[in-house]
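Biologist: Could you walk me through this one while I have it open? I'd like to go from single residues to the sheet and the helices.

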Amino acid sequence: MKILVIEDEKPLADSIRALLEKRGFDVECIYDGVNGAEYAQLGIYDLLILDVMMPGMDGFQLAKSVRARRCATPILMLTARSGLEDRIQGLNAGADYYLTKPFDTRELLACINALLRRQGGQVDELTLGNTALELGSCTLVCGAQSVRLSAKEFDVMRFLLQARDSISPKETILAKVWGYDSNAVENHVEVYVGFLRKKLHSIGSNIRIEAVRRLGYRLETDGG
């Protein structure tokens, strides 16, 4: 499960990440609303945790921008603003739950688990054609055949499956999988796409990762 924490109080964001990583979640932290919106709108996270009071773009604006792109990822808002009008504004902006600071970590975990359960089977695997990507085990499955993916292979494959038949630019994949501050270059994306093509072929998958000249990659299936 991938969770994005957008919180400008770095110590709090990092403590939330440490808490969740101990429980097996894959967590990324962004410390401002503008960059947080870019990450959130990638649509590859299982949950967004947003602070409300942030410079540049606050949590209300961020939630609205995410929902405007028809991203249905659950949103948990964290804020010191506990008034009724603030809660109503947060929910109307697109939040699924509104948790006020200071909060007990047990309540935070209960909220997270409740929001993730609402996703049902959608968060267990991603499917296309005759193939499924099992999110819990990082495994590609096609009939009786399966193959385990490395962490980077999994992130690239998941990104492509989330995008479906939309074109995913190399620079977007690079930023998401390796990070904006990474020294990785677009050739890294090409290398891992090559790895994935071999693994898809090895299990008899009908998924093809097609290169769209000068644009990026998209998934297609044989016969459709």
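Biologist: Which residue does the side chain of Arg-218 join in a polar contact?

Modeller: This is a predicted model, and in it the side chains of Arg-218 and Glu-220 are joined by a polar contact of 3.3 Å. Arg-218 itself is found in strand 11.

Biologist: Is Arg-218 buried or exposed, or something in between?

Modeller: Arg-218 has a relative accessible area of 29%, and because buried means under 20% and exposed over 50%, Arg-218 counts as partly exposed.

Biologist: And what is Arg-218 in contact with, leaving aside its neighbours within four places in sequence?

Modeller: With those neighbours left aside, Arg-218 is in contact with Asp-165, Ser-166 and Ile-167, and also with Arg-208, Ile-209, Glu-210 and Val-212. There is also Leu-160, which is 58 residues from Arg-218 in sequence, while the two C-alpha atoms are 6.7 Å apart in space.

Biologist: Which residue in strand 11 is the bridge partner of Glu-210?

Modeller: Arg-218 is the bridge partner of Glu-210, within a pairing of strand 10 (residues 207-212) and strand 11 (residues 216-221) that is antiparallel and runs over six bridges. The two strands form a hairpin with three residues between them, and Arg-214 in the turn has a positive phi of about 65 degrees.

Biologist: Changing topic, what is the strand order in the open sheet of five strands?

Modeller: The order is 2-1-3-4-5, with parallel pairing. Strand 2 (26-30) and strand 5 (97-100) stand at the edges with a single partner strand each, so one side of each is left without a neighbour in the sheet. On average, neighbouring strands of this sheet are turned by 20 degrees against each other, direction ignored.

Biologist: How many bridges hold the pairing of strand 1 and strand 2?

Modeller: Strand 1 (residues 2-6) pairs with strand 2 over five bridges, in the parallel sense, and Ile-3 stands opposite Val-27 in strand 2.

Biologist: Which strands does helix 1 lie across?

Modeller: Helix 1 (residues 10-21) lies across strand 1, strand 2, strand 3 (47-51) and strand 4 (75-79), and it runs at about 175 degrees to strand 2.

Biologist: On to helix 7, how many of its residues are buried?

Modeller: Seven of the nine are buried, so helix 7 is largely enclosed by the rest of the structure. The buried residues include Ala-175, Lys-176 and Val-177, and the buried set packs against strand 1, strand 2, helix 2 (33-40), helix 6 (151-163), helix 8 and strand 11.

Biologist: At what angle do the axes of helix 7 and helix 8 cross?

Modeller: The axes of helix 7 (residues 170-178) and helix 8 (residues 186-202) cross at roughly 85 degrees and come within 9 Å, which makes helix 7 roughly perpendicular to helix 8.

Biologist: Which residues meet there?

Modeller: Lys-170, Glu-171, Ile-173, Leu-174 and Trp-178 in helix 7 meet Glu-186, His-188, Val-189, Glu-190 and Tyr-192 in helix 8. The residues of this contact divide into five nonpolar, one polar and four charged.

Biologist: What comes just after helix 7?

Modeller: Gly-179 comes there, and it takes a positive phi of about 95 degrees.

Key: Residues numbered from 1 in each chain as written. Predicted model: local features only at pLDDT ≥ 70, side-chain atom pairs only at ≥ 80, totals over all residues. Heavy atoms only, no water. Pairing = 2+ DSSP bridges. Helix = DSSP H or I, 4+ residues; strand = E, 2+ residues; numbered from the N terminus. Axes fitted to C-alpha atoms, helices over the stretch in contact; angles between N-to-C directions. Contact = heavy atoms within 4.5 Å. Parallel < 35°, antiparallel > 145°, perpendicular 65-115°, else oblique. Nonpolar A, V, L, I, M, F, W, Y, C, P; charged D, E, K, R; others polar. Buried < 20%, exposed > 50% of the residue type's maximum accessible area, 1.4 Å probe, protein only. Polar contact = N/O pair within 3.5 Å; in protein donor to acceptor, adjacent residues only side chain to side chain.
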